[in-house]
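Dear colleague,

Please find below the sequence and the structure that I am handing over to you. My notes on what was found follow directly after.

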Amino acid sequence: MISVRTKLNSKSLSASIRATERAIGEATIAGGLKAAQRLRDAIRSNARHRPGPTVDTGEYVASWKIRKNGSLSAGVTSWSVFTNDPAGPPLEFGRIGSHPYPHVQVAVDENRDLMINDYSSTLRAVQ
């Protein structure tokens, strides 16, 4: 009979697992931020170059922000791309008697694959 005994160093394994978990978490946050920045920039570009009423769009364009929700320690992190400018919904969806000038959904549709790649490329970089 052959017997093989192994002794697992649980302290070093635990440290390694925690380090890997942290690296994955940090990569997730970085990838999400990169994707959110891409979306915000695309929305701003679309809003700046959209057809429609000739209004100064500088303040509206600048009103698009990114906010991190959650935390790495909580285990849940997401990013919001948003504006609090009341002109947003009427421009995107229109009003009664006025045409919509979509710029948000267009940005999402045009950048979906790039945002997924931004996110996944940071995860692939985790060793």
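A nonpolar surface patch is formed by Ile 24, Tyr 119 and Leu 123, which together have about 230 Å² of accessible area. Patches are made of residues with over 30% relative accessible area and no salt bridge, with like charges joined within 9 Å and nonpolar side chains (Val, Leu, Ile, Met, Phe, Trp, Tyr) within 5 Å. A salt bridge is a side-chain nitrogen of Lys or Arg within 4 Å of a carboxyl oxygen of Asp or Glu. Accessible areas come from the Shrake-Rupley method with a 1.4 Å probe, and for residues only the protein chains shown count as cover.

This is a predicted model, in which local features need pLDDT of at least 70 and side-chain atom pairs count only at pLDDT 80 or more, while totals for chains, interfaces and linings use all residues. Residues are numbered from 1 along each chain as its sequence is written, and side-chain values use heavy atoms, with hydrogens and water left out.

Leaving aside residues up to four places away in sequence, Ala 107 touches Leu 39, Ala 42, Ile 43 and Asn 46 (contact means heavy atoms within 4.5 Å). Ala 107 and Ser 45 are 62 residues apart in sequence, with 8.8 Å from C-alpha to C-alpha.

As to aromatic rings, one aromatic pair was counted. The pair is edge-to-face because the ring centres of Tyr 60 and Trp 64 are 6.2 Å apart and the planes stand at 85°. Under the rule used, rings of Phe, Tyr and Trp (its six-membered ring) pair if their centres lie within 6.5 Å; planes under 30 degrees apart count as stacked, over 60 as edge-to-face and the rest as tilted. Tyr 60 is buried at 5% relative accessible area, and Trp 64 is buried at 6%.

For the protein chain as a whole, the secondary structure comes to four helices and two strands, in the order α-α-β-β-α-α along the sequence. Helices (H or I, at least four residues) and strands (E, at least two) are DSSP runs, numbered from the N terminus. Of the 127 residues, 26% are buried.

With kind regards

Conventions:
Buried < 20%, exposed > 50% of the residue type's maximum accessible area, 1.4 Å probe, protein only.
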